[in-house]
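Here are some notes for a colleague who is opening this entry for the first time. Please read them with the structure in view.

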Number of protein chains: 2
Amino acid sequence: MTAILTETVELNLDAYRAQVEAHLEAFLRKKAHAATSQHLPTLTVESVCTFIRAGGKRLRPILCACGWHAAGGGPEAANVVAVGAALEMFHAFALIHDDVMDRSATRRGQPTVHRRLAAEFARTHPRAEAEQLGTSAAILIGDLALAWSDELLHTAGLPAGRLASSLSLIDEMRTEVMYGQYLDLASSVCADLDLPLTVIRYKTAKYTIERPLQLGAAIAGADQRLLENLSGFALPLGEAFQLRDDILGIFGDPSETGKSRLDDLREGKHTVLIALALAGADDRQETQLRAVLGNTVITDADAEQARVILNETGATAKVEQLIEERYRQAISALEALALPAPAAQALRALARAAATRRS
Amino acid sequence: MTAILTETVELNLDAYRAQVEAHLEAFLRKKAHAATSQHLPTLTVESVCTFIRAGGKRLRPILCACGWHAAGGGPEAANVVAVGAALEMFHAFALIHDDVMDRSATRRGQPTVHRRLAAEFARTHPRAEAEQLGTSAAILIGDLALAWSDELLHTAGLPAGRLASSLSLIDEMRTEVMYGQYLDLASSVCADLDLPLTVIRYKTAKYTIERPLQLGAAIAGADQRLLENLSGFALPLGEAFQLRDDILGIFGDPSETGKSRLDDLREGKHTVLIALALAGADDRQETQLRAVLGNTVITDADAEQARVILNETGATAKVEQLIEERYRQAISALEALALPAPAAQALRALARAAATRRS
């Protein structure tokens with residue numbers, strides 16, 4: 001697993017992460033047991049289990065714990081662990097469906113759920129049918145993970161008032177991330193910056209940073225004012241996080257990121273980085289770049305040529321600058337918040353890691 | 001819209017259905033307004049809206065209202081309407097994803113969501129890409145409907161204790177229907193009856209009848225004993241309902257059912273009807289039937305030949321007998337329950353309609 005925090009912080013977030021993982025394991029063990037005893041298909045539970053065990057930064061649970069401490073929640077209660085587990089299960093759902101929609105072959109260094117299941121079905125079915133079954137099964141397994149993420153939240157043992165405010169934040173978060181995904185899907189690559197900025201706001205900044213942080217604060221009893229103030233830190237940080245992701249998707253080291261660095265180009269992902277490159281490209285550069293984007297059979301040499309264009313047009317440097325600006329904005333907002341010291345320290349470290357990470 | 005009840009019952013279920021539909025409309029209007037004001041894609045909301053307006057029996061909300069009355073809930077409160085709307089929104093999710101997985105072209109007499117969206121994308125994209133985008137968009141729109149079904153439940157205004165018991169039933173229901181779907185997907189056509197019976201138990205009997213009925217009862221404050229007793233009525237009725245569906249899928253009148261009567265054969269759906277036909281078929285009949293099942297290019301003449309085999313092998317008559325047995329079992333269980341008279345009358349009428357319906 002890839003850790004998001006490399007420096008030591010006063011809050012023991014490693015211990016929290018381990019508790020979230022143990023909670024997920026226990027939940028899935030119970031599901032596996034129930035499926036076995038009712039003669040229901042256990043491959044569904046196993047698929048979710050394999051996916052979750054394959055890694056991930058557990059960024060959303062960690063932000064939830066930080067939100068809890070930011071609102072003065074004291075030592076993490078069992079329900080903060082359960083809510084973190086619910087966020088991670090939701091993320092499993094989102095990625096499983098994302099991989100189906102993007103037709104991705106690998107995730108977290110392993111075959112994606114639909115690919116793994118297609119291979120399983122290929123033992124007993126013709127290839128084309130096995131592919132289709134793998135996709136259908138992955139849609140269902142994603143649906144199951146979404147339903148289970150709710151169940152984790154419902155069974156977190158939150159007091160009624162806190163459950164109500166959590167459910168309302170979760171409802172917002174889910175609608176937002178799905179709108180972000182839809183916008184991303186329905187848009188075409190162009191030099192316009194507004195669209196990819198809206199996509200990263202909904203698909204990442206709100207989903208990955210703002211809502212998990214607010215959720216943790218809400219279950220510690222934060223008032224509306226603190227929730228709103230946390231957004232001032234979370235949204236620019238979330239944007240910085242995604243802008244870094246866009247750079248890593250093309251320039252990253254696959255042994256560190258666990259993802260191919262051809263996928264974003266192959267999918268023709270509509271990132272800020274690409275929009276800036278198209279905006280700054282001359283005719284030759286634009287033609288070359290467009291020939292690579294969304295081309296499913298690109299080679300390493302094509303990708304290298306695209307990287308050269310991203311650098312030559314100044315797009316890479318400009319994105320680095322956008323990351324730096326947003327990182328500073330997040331840190332200023334954080335300082336102004338005057339949170340309890342351990343929470344502020346953890347969020348500062350997280351912000352630095354999110355903006356400068358290599359994986 | 002197709003009504004499930006053709007006889008007049010003392011409970012005004014038509015008025016309740018209209019309230020559920022009005023609640024869904026108001027919810028979606030708010031979503032459309034929010035999307036417009038945030039410059040988010042409104043096609044998502046419109047797709048859900050079009051899908052829901054296209055019809056459906058509203059069977060799950062109606063069962064929820066019956067459950068409420070069965071537990072002595074008095075005139076329907078606003079929250080029974082909201083919970084009914086949540087069930088209908090969940091059903092929209094289930095059908096949208098089901099149609100993607102089955103690659104169905106029509107639903108409720110209209111193009112399926114993925115087909116409608118593929119046609120939309122085809123205005124600006126090459127055909128193959130438009131198809132893929134339509135499928136991805138339908139997956140996302142289904143996800144959104146699932147999240148919105150939760151939101152409808154969370155905002156139903158249920159008292160804390162009742163919300164907790166509802167969420168627990170909803171969690172059960174969702175896991176069950178997804179297991180049922182998965183089993184259905186992963187299994188192959190054969191003469192074994194156990195598998196299709198398990199599928200209809202999870203995919204239909206529990207999802208369509210048992211859980212909605214229990215949910216209504218739970219929000220009226222039913223105890224565990226009543227919830228369990230309602231299952232004795234709901235499960236056989238749910239099986240009868242699905243067995244009737246299997247017959248209608250092949251023998252029904254498309255102008256009444258809104259579905260092609262070739263689809264079930266074309267998909268090679270693993271129904272009890274087909275399992276019984278294979279069990280009773282001689283070599284010639286089996287060969288002919290297997291040539292039709294799962295054959296995507298079958299003609300009306302092929303389907304007619306399959307119908308003859310289903311009749312000759314006695315499978316159709318046997319399924320009619322299974323429906324009759326289950327209907328009687330449900331009615332006996334209902335009599336033994338001694339529910340308030342209006343609820344008992346409505347459930348009796350529902351049972352008769354579910355077992356004998358033509359659409």
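1. Confidence. pLDDT is the predictor's confidence in each residue, on a scale from 0 to 100. The model is a predicted one, and chain A averages a pLDDT of 93. In chain A, 98% of the residues score at least 70. For the complex, the predictor gives an ipTM of 0.92 and a pTM of 0.93.

2. Make-up of the chain. Chain A contains 16 helices and two strands. The C-alpha trace of chain A spans about 60 × 60 × 30 Å along its principal axes. A compact globule of 359 residues would have a radius of gyration near 21 Å, and the 21 Å of chain A agrees with that. Of the 359 residues in chain A, 53% are buried. Taking the contacts in chain A between residues at least 6 apart in sequence, 76% join residues at least 24 apart.

3. Two domains. Where is chain A divided? Domain 1 covers 10-157 and domain 2 covers 159-359. The centres of domain 1 and domain 2 of chain A, taken over C-alpha atoms, are separated by 22 Å.

4. Contact between the domains. In chain A, 29 residues of domain 1 are in contact with 31 residues of domain 2. On the domain 1 side, the elements that give two or more residues are α3 (59-70) and α4 of chain A. The largest share of that side, 10 residues, comes from α3(A). By class, the residues of domain 1 that touch domain 2 in chain A divide into 16 nonpolar, nine polar and four charged.

5. Contact between the chains. How many residues of chain A are in contact with chain B? The count is 31 residues of chain A, in contact with 31 residues of chain B. On the chain A side, α4 (78-102), α6 (127-154) and α7 (160-186) each supply at least two residues. The largest share of this side, 13 residues, comes from α7(A). The side of chain A that touches chain B has 19 nonpolar, seven polar and five charged residues.

6. Symmetry. What relates chain A to chain B? A rotation of 180° with 0.0 Å of shift along its axis superposes chain A on chain B, with an RMSD of 0.0 Å. This is the relation of a two-fold axis. The C-alpha of chain A nearest the axis belongs to A:Ala160, 2.9 Å from it. Of the interface residues of chain A, 100% are also interface residues in chain B, so the copies meet through the same surface.

7. B:Ala71. This residue is placed in the loop between α3 (59-70) and α4 (78-102) of chain B. Is B:Ala71 buried or exposed? A residue counts as buried if 20 or more other C-beta atoms lie within 10 Å of its own; B:Ala71 has 24 within 10 Å, so B:Ala71 is buried. Leaving aside neighbours within four places in sequence, B:Ala71 is in contact with B:Ala217, B:Ala220, B:Gly221, B:Ala222 and B:Leu226. The C-alpha atoms of B:Ala71 and B:Ala218 are 7.9 Å apart, although 147 residues separate the two along the chain.

8. Positive phi. Most residues other than glycine have a negative phi. A:Ala338 has a phi near 50°, a positive value, and is placed in the loop between α15 (315-337) and α16 (341-356) of chain A. With 9 other C-beta atoms within 10 Å, A:Ala338 is exposed. B:His39 has a phi near 55°, also a positive value, and lies in the loop between α1 (13-37) and α2 (43-53) of chain B. B:His39 is exposed, with 11 other C-beta atoms within 10 Å.

9. B:Asn12. This residue is in the segment before α1 of chain B. B:Asn12 is partly exposed, with 16 other C-beta atoms within 10 Å. The C-alpha atoms of B:Asn12 and B:Pro342 are separated by 9.8 Å, and the two residues are 330 residues apart along the chain.

Methods. Residues numbered from 1 in each chain as written. Chains lettered and ligands numbered in written order. Predicted model: local features only at pLDDT ≥ 70, side-chain atom pairs only at ≥ 80, totals over all residues. Helix = DSSP H or I, 4+ residues; strand = E, 2+ residues; numbered from the N terminus. Rg over C-alpha atoms; globule rule 2.2 N^0.38 Å. Buried ≥ 20, exposed ≤ 12 C-beta atoms within 10 Å, placed from the backbone. Contact = placed C-beta atoms within 7 Å. Nonpolar A, V, L, I, M, F, W, Y, C, P; charged D, E, K, R; others polar. Least-squares fit on C-alpha atoms with pLDDT ≥ 70 in both. Domains from an automatic or database assignment.
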